[in-house]
Amino acid sequence: MKGWMGKFRALTLFGSLALLLSGCGQENLSALIPKGYGAEKSLDLIILTAIIMLFVLLIVMLVYITVLVRFRKKKGQKDFIPKQVEGNKTLETIWTVIPILLLIIIAVPTVAATFDLADESGAKDKLNVEVTGNQYWWHFNYKGQEIQTSQDLYIPTGEKVYLNMKSSDVIHSFWVPAISGKMDVNPENENTMFIKANEEGVYYGKCAELCGPSHALMDFKIIAVSPEEFDQWVKDMQNVDPKAVAEGETAKQGQTLFEESNCMGCHAIGSSPVQVGPNLTNFGERTRIAGILDHNKENLISWIMNPDSIKPGNKMDGKYPELSRDEASKIADYLLQLKPSSITAEDAGK
C-alpha cells in the first residue's frame, strides 16, 4: 500500500483490530476489574500514573503546537530567528520543578502501597498456605490444616491469606490479576505475599514467568467462598478417607488400575505431602483438567492416554504403563468420583 490512502487503510485496520481485541478476555482474569485488595491498590496506582502521563502529554503537545504556530517563519521574513529562551531562569525553574513534583506525587503512594502489600505482621494469626510451583502445575499445602491440594486454591473472602512460595525446579511467577499483583517463585529462596478476595468467585491465575514449553498452559484457579463455606470445606477435606472404595463397577476397576499402574507413586489422595505430581484429593471438583481443559470425561481420557500432546514437556509421560482407551475410561470414572466436599467452585459467588 502506497500513498496516504494506503496509510489510512492500514491505520483503520489496526484501529479496528485494537477496538475488537480490547473486548477480549475474562472478567476474573483482568487487573482492570479488581476483586481483591492487592489488585485494587495496583489499579489505583495505574490510574494515578496514567493521569499524570496524560497531563504531561497534553502540556508537551500544547507547547509544541504553540511553538509551531507562533514561531514559524512567515512569508516575507528572511533570516528569521525566533526569540531565544536560553538562560531564562523562570522557565528553567518551571521545567525542573514540575517533573520533580510529579515524581513525588507518584512515588509517595507507590512506596506506601509497597510497604502495605509487604506487611506480614498479621501472618501468624491467619491462614498460611505453602505454594510450590512446578513444571507445569501448582501445589498448595494449608499449614496446620492437614490439607493438600493442587491447581485449585480455596480461600475465604474478606480475609488475608498468606502465601509462602517456592519452586521445585525453575523460576515461576504467581499471578492472579483480579486479586493481586505478581510474585516470583524461586527454587533458591522463599518469597511471601498475601492475597485477599473481596467477593466470592473463581479467579484465574497464570504463571507470569517463561518457564518452559508449556509455560502458557500453567494455569490455576483461586476459589473464593464465604468464611462459613470455607470452614465447611476444611472439615470435608480433613475427613477424606484416601482408601475409600469407589462406587460403581467401572470406577472400582478404575481404582484398581490406578493403584496397579503406579499412579500413586506420583499422586496422592488425602493429606500426604507427595508432590511429584498433583494431589488428586478433590479432583472431581476441579474447574479444569490439567489446568486448561474443560472438566469432562472425554478430556480426562485424552489427558491420561497422551498428556504430552496436551501439555508438552510435562513430567507425566513414561511414568506408567501404556493404557488402552477402556482402561483410561475406567480410571477416569474413578477420578471423577473424588468429590469430598459439598462446597465446590460451581457454588462460588452464587
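Biologist: Which residues have the most contacts inside the largest nonpolar core, and how many residues does that core have?

Modeller: Keep in mind that this is a predicted model. The largest nonpolar core holds 39 residues, and Tyr142, Leu163, Phe174 and Ile222 are those with the most contacts inside it. Two or more residues come from each of these elements: β1 (127-134), β2 (137-142), β4 (152-156), β5 (161-167), β8 (191-195), β9 (201-207), β10 (220-225) and α4 (227-238). The biggest giver is β10, with five residues.

Zoom in on Ile222 and you can see who sits around that residue. Setting aside neighbours within four places in sequence, Ile222 is in contact with Leu153, Ile155, Phe174, Val176, Ile179, Ile195, Gly201, Val202 and Tyr203. Phe174 turns up here again, being one of the residues with the most contacts inside the core.

There's also a second, separate core, this one of 25 residues, with Leu280, Ala290, Tyr334 and Leu338 among them.

Now step back to the chain around those cores. It has eight helices and 12 strands, and 39% of its 350 residues are buried. Of the contacts between residues at least 6 apart in sequence, 65% join residues at least 24 apart. As for overall shape, the C-alpha trace spans about 100 × 55 × 40 Å along its principal axes. The radius of gyration is 28 Å, whereas a compact globule of 350 residues would have one near 20 Å.

Technical notes
Residues are numbered from 1 along each chain as its sequence is written. This is a predicted model: local features need pLDDT of at least 70, side-chain atom pairs count only at pLDDT 80 or more; totals for chains, interfaces and linings use all residues. Side-chain values use heavy atoms; hydrogens and water are left out. Helices (H or I, at least four residues) and strands (E, at least two) are DSSP runs, numbered from the N terminus. The radius of gyration is taken over C-alpha atoms; the globule rule is 2.2 Å times the number of residues to the power 0.38. Buried means under 20% relative accessible area, exposed over 50%, partly exposed in between (1.4 Å probe, protein chains only). Contact means heavy atoms within 4.5 Å. A nonpolar core is a set of buried Ala, Val, Leu, Ile, Met, Phe, Trp, Tyr and Cys residues joined through side-chain atoms within 4.5 Å.
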